[in-house]
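Try each task yourself before reading its solution.

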Amino acid sequence: MGLTERVWDAFANTIKLNDKVDRLSTTVAKQQSHIEDLNARVIRLEAALEFALGAQRSRRLPKPPR
């Protein structure tokens, strides 16, 4: 293998690596968006649970004084 072929292979591998990094970056951005969406959904569920538990506590009648 000559010097030119080795240089050309290194150049081709660099281009392939750059393409893989670009695809990985896109995948990471999509995953980050998905995680943020799930985080927002969990926050809404926590709020609904707190609201439901608070409403459940307030429905009870106070104990009569003795």
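**Exercise 1.** Find where Gln32 lies, and decide how accessible Gln32 is.

*Solution.* Step 1: Gln32 lies in helix α1, where helices are DSSP runs of H or I with at least four residues, numbered from the N terminus. Step 2: the relative accessible area of Gln32 is 41%. Step 3: Gln32 is therefore partly exposed, a class between buried (under 20%) and exposed (over 50%), judged with a 1.4 Å probe and protein chains only. Step 4: look along the chain to Val7, 25 residues from Gln32; the two C-alpha atoms are separated by 37 Å.

A word on the model: it is predicted, so local features need pLDDT of at least 70 and side-chain atom pairs 80 or more, while totals for chains, interfaces and linings use all residues. Residues are numbered from 1 along each chain as its sequence is written, and side-chain values use heavy atoms, leaving out hydrogens and water.

**Exercise 2.** Work out which residue forms a salt bridge with Asp19.

*Solution.* Step 1: recall that a salt bridge needs a side-chain nitrogen of Lys or Arg within 4 Å of a carboxyl oxygen of Asp or Glu. Step 2: the partner is Arg23, with the closest N and O atoms 3.4 Å apart. Step 3: Asp19 and Arg23 are 4 residues apart in helix α1, so about one helical turn separates them. Step 4: Asp19 has 41% relative accessibility and counts as partly exposed. The structure holds 1 salt bridge.

**Exercise 3.** Locate Phe11 and say how accessible Phe11 is.

*Solution.* Step 1: Phe11 is found in helix α1, which covers residues 3-59. Step 2: with a relative accessible area of 47%, Phe11 is partly exposed.

Note on methods: Helix = DSSP H or I, 4+ residues; strand = E, 2+ residues; numbered from the N terminus.
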